[in-house]
Amino acid sequence: MDKKLLGIDLGGTTVKFAILTETGEIQQKWSIETNILDDGSHIVPDIIDSINHHLSLYDMKPEQFMGIGMGTPGSVDVEAGTVIGAYNLNWTTLQQVKSEIEKGTKIKFSIDNDANVAALGERWKGAGDNEPDVVFMTLGTGVGGGIVMNGQLLHGIAGCAGEIGHVTVDPNGFECTCGKRGCLETVASATGVVRVARQLAEEYAGGSKLKARLDNGEDITSKDVFELAEVDGDDLALMVVDKVTFYLGLACGNIGNTLNPSSIIIGGGVSAAGEFLRSRVENYFKEFTFPQVRESTKIKLAELGNEAGVIGAASLAK
Ligand SMILES: [Zn+2]
């Protein structure tokens with residue numbers, strides 16, 4: 001009988017689980033709330049209980065599983081199966097995730113960071129078409145990324161490969177949480193888009209709904225900016241979108257020139273702006289790439305939405 005895969009997407013508010021076939025079809029899925037109280041000490045025991053509860057519910061045995069894979073925030077030691085510095089989970093000290101989950105479930109366990117795992121998911125069952133060379137970037141609260149080359153995730157010497165959010169796109173730009181300036185994350189995350197809007201609004205003199213709303217002290221989201229640009233043709237909002245997509249196209253261009261993947265996939269909340277965003281990033285990407293890359297590397301939108309995490313996590317178990 002074919003073995004199953006169990007994928008887990010651990011986030012700051014929910015833990016998502018899915019049981020998949022070896023070919024990546026989701027057969028069961030469920031989720032629990034993430035209890036981050038008491039230094040996040042309930043998280044791993046809750047995960048173990050939930051797995052064991054659902055296996056008995058579905059009348060399944062640990063031997064039927066090829067393994068469990070999990071995506072997590074924080075810094076991951078893939079070999080040791082440990083996590084540290086996942087501040088939205090209150091995990092500030094080293095967490096022995098792999099050894100505890102293997103002990104508690106009797107199933108082999110693999111772990112990687114959430115952006116890497118989402119990259120695996122999009123590459124396997126989403127926009128990546130299961131090609132060997134795919135780059136994924138997620139534009140959310142921050143900007144994360146994952147790089148798959150020759151079918152393998154790249155980790156780098158310190159586990160930092162694929163940290164596309166810290167690619168410098170403006171040497172004199174905004175300060176980043178990492179300590180340097182002008183990182184892609186400072187201008188292309190959900191908060192980054194709003195930051196660019198505020199900066200451009202200061203110098204902007206013409207009529208604009210976006211400017212009026214910012215001047216009124218209203219809360220503006222990146223979604224508002226993209227909607228005002230696309231639906232209303234708001235002049236300032238269009239300038240913001242142009243600047244953000246310039247930065248994204250610059251980063252994608254340099255990734256393309258360096259790695260020449262078959263696709264660079266854009267996901268995360270900001271990518272809900274869809275083709276309006278993608279086509280503009282692609283235009284700048286073409287400006288910043290040399291001909292062979294321009295013609296072979298495609299800029300695509302993510303297809304799996306929030307299932308990329310569990311699907312990619314499950315693929316870790318293969
Ligand atoms: Zn940075």
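Predicted model: local features only at pLDDT ≥ 70, side-chain atom pairs only at ≥ 80, totals over all residues.
**Reading the zinc site and the salt bridges**

Reader: Which protein atoms are the donors of the zinc ion?

Author: His166 gives ND1, while Cys176, Cys178 and Cys183 each give SG. They lie 2.0 to 2.3 Å from the zinc ion. Along the chain, the donors follow the spacing H-x9-C-x1-C-x4-C. Histidine 166 and cysteine 176 both sit in the loop between strand 10 (152-153) and helix 5 (185-188), so the pair ties together parts ten residues apart in sequence.

Reader: Is cysteine 176 buried or exposed?

Author: Under 20% relative accessible area means buried. Cysteine 176 has 9%, so it is buried. Histidine 166 is partly exposed at 25%.

Reader: How many salt bridges does a search of the whole structure find?

Author: It finds 13. The test is a side-chain nitrogen of Lys or Arg within 4 Å of a carboxyl oxygen of Asp or Glu. Lysine 29 and glutamate 307 meet at 2.4 Å, N to O. That pair links distant parts of the chain, 278 residues apart. Lysine 29 is in strand 3 (residues 26-33), and glutamate 307 is in the loop between strand 12 (298-301) and helix 12 (308-316).

Reader: Where do lysine 211 and aspartate 215 lie?

Author: Both are in helix 7 (residues 209-215), four residues apart, about one turn. Lysine 211 is buried at 16%, whereas aspartate 215 is exposed at 53%.

Reader: Which residues are linked in a network of salt bridges?

Author: Arg213, Glu218 and Asp224. Within it, glutamate 218 and arginine 213 meet at 3.2 Å, N to O.

Key: Residues numbered from 1 in each chain as written. Heavy atoms only, no water. Donors = N, O, S within 2.8 Å, 3.2 Å for Na, K, Ca; no water. Helix = DSSP H or I, 4+ residues; strand = E, 2+ residues; numbered from the N terminus. Buried < 20%, exposed > 50% of the residue type's maximum accessible area, 1.4 Å probe, protein only.
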